[in-house]
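I opened this structure to see how it is put together. These are my notes, in the order in which I looked things up.

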Amino acid sequence: MFCRRSVFTKDDPRVFREGDIPSLLLDPDIERGFGLAGSDSIAEISPRLRAQLRIEDLGRSISNLRFALMALVPNTETVRKKIDAGDPIIIGTSNPATVGAIALNTAIDFQVSAVYGGQIEKLPRLLPRLDGIIDLVDSGKSCRDQGLEVVLDDLQTVTLCGLWALEGSQYY
Amino acid sequence: MIQTLEACSATSMAADASILLLPKGNLAEATSWLQSVDVLPKECLH
């Protein structure tokens, strides 16, 4: 019998943090594995791992997720003026590779000064040198809760990607 | 840079996979795609 409507829960042994999926696919105990992850995670894969994987963008946007530049409410006008003047914008983020791509696409001089794994929205209060953060937003509530306002929206969308190990590749 | 291939590549790889690894943060979207391309995880066959 096929379970066509299989429902995966977060406790399912096949469900992992997205950042761990690329190296798991290259584990010698995983044969013919196939993984799914968001393009935001895929963009941060190291070149060493990337060279051993085939990655396909499935062209499906993930809900309303997109990258945005956010700054503390009192600073938003200053940040806009710096952008207009072509000045460097000092950024905190969890996604340095994505910020690099956004800088190329927008021709804005985003300079990553702080990289942390999570709760990036707290950084601007803690690290005054930052002009703002570039992070994923959906509803934007968690950013508003931290006193942040979106300065530039829709810098990059997130799509679902499929990935698998190239033949003969191994991580360990 | 993400390599973009024919859409059937991922579909056939997913269909032939011995195990699927699914993203905790995007589980609903991953499940939705698997259903949309009619891929059934082999460990779900009884």
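I began with the terms for the core. I call a nonpolar core a set of buried Ala, Val, Leu, Ile, Met, Phe, Trp, Tyr and Cys residues joined through C-beta atoms within 7 Å. A residue is buried if 20 or more other C-beta atoms lie within 10 Å of its own, exposed if 12 or fewer, and partly exposed in between, with C-beta atoms placed from the backbone.

Ground rules. This is a predicted model, in which local features need pLDDT of at least 70 and side-chain atom pairs count only at pLDDT 80 or more, while totals for chains, interfaces and linings use all residues. Residues are numbered from 1 along each chain as its sequence is written, and chains are lettered from A and ligands numbered from 1 in the order in which they are written.

Confidence. I noted ipTM 0.78 and pTM 0.80 for the model. The pLDDT is the predictor's confidence in each residue, from 0 to 100. Chain B averages 76, and 67% of its residues score at least 70. Within chain B, S1(B) has the highest confidence at 93, and H1(B) the lowest, at a mean of 82. I keep in mind that where pLDDT is low, the predicted coordinates should not be read in detail.

Cores. Which residues have the most contacts inside the largest nonpolar core? I found A:Leu25, A:Leu160, A:Cys161, A:Leu163, A:Trp164 and B:Ala14, in a core of 29 residues. Two or more residues each come from elements including S2 (33–38) and S3 (53–72) of chain A and H2 (27–36) of chain B. S7(A) gives the most, with 6 residues. Another core, of 22 residues, lies apart from this one and has A:Ile91, A:Val99, A:Ile102 and A:Leu130 among its members. Helices (H or I, at least four residues) and strands (E, at least two) are DSSP runs, numbered from the N terminus.

Sheet. I count two strands as paired if DSSP finds at least two bridges between them. The open sheet has 8 strands in the order S1(A)-S1(B)-S2(A)-S7(A)-S3(A)-S6(A)-S4(A)-S5(A), with mixed pairing. S1 (15–16) and S5 (110–115) of chain A are at the edges, each with a single partner strand, so one side of each has no neighbour in the sheet. S4 (89–93) and S6 (132–137) of chain A run parallel and are joined by 3 bridges. A:Ile91 stands opposite A:Gly132 in S6(A).

Helix H5. H5(A) lies across S3, S4, S5, S6 and S7 of chain A and runs at about 170° to S5(A). For such angles, axes are lines fitted to C-alpha atoms, for helices over the stretch in contact, and angles run from 0 to 180 degrees between N-to-C directions. Contact between residues means C-beta atoms, placed from the backbone, within 7 Å. A:Thr106 lies in this helix, residues 96–106. A:Thr106 is partly exposed because it has 14 C-beta neighbours inside 10 Å. A:Thr106 and A:Leu155 are 49 residues apart in sequence, yet 8.1 Å apart in space, C-alpha to C-alpha.

Phi angles. Most residues other than glycine have a negative phi. A:Arg32, in the loop between H1 and S2 of chain A, has a positive phi of about 50°. A:Gln119 also has a positive phi, near 50°, and is found in the loop between S5 and H6 (123–126) of chain A.

Notes. Two residues are in contact if their C-beta atoms, placed from the backbone, lie within 7 Å.
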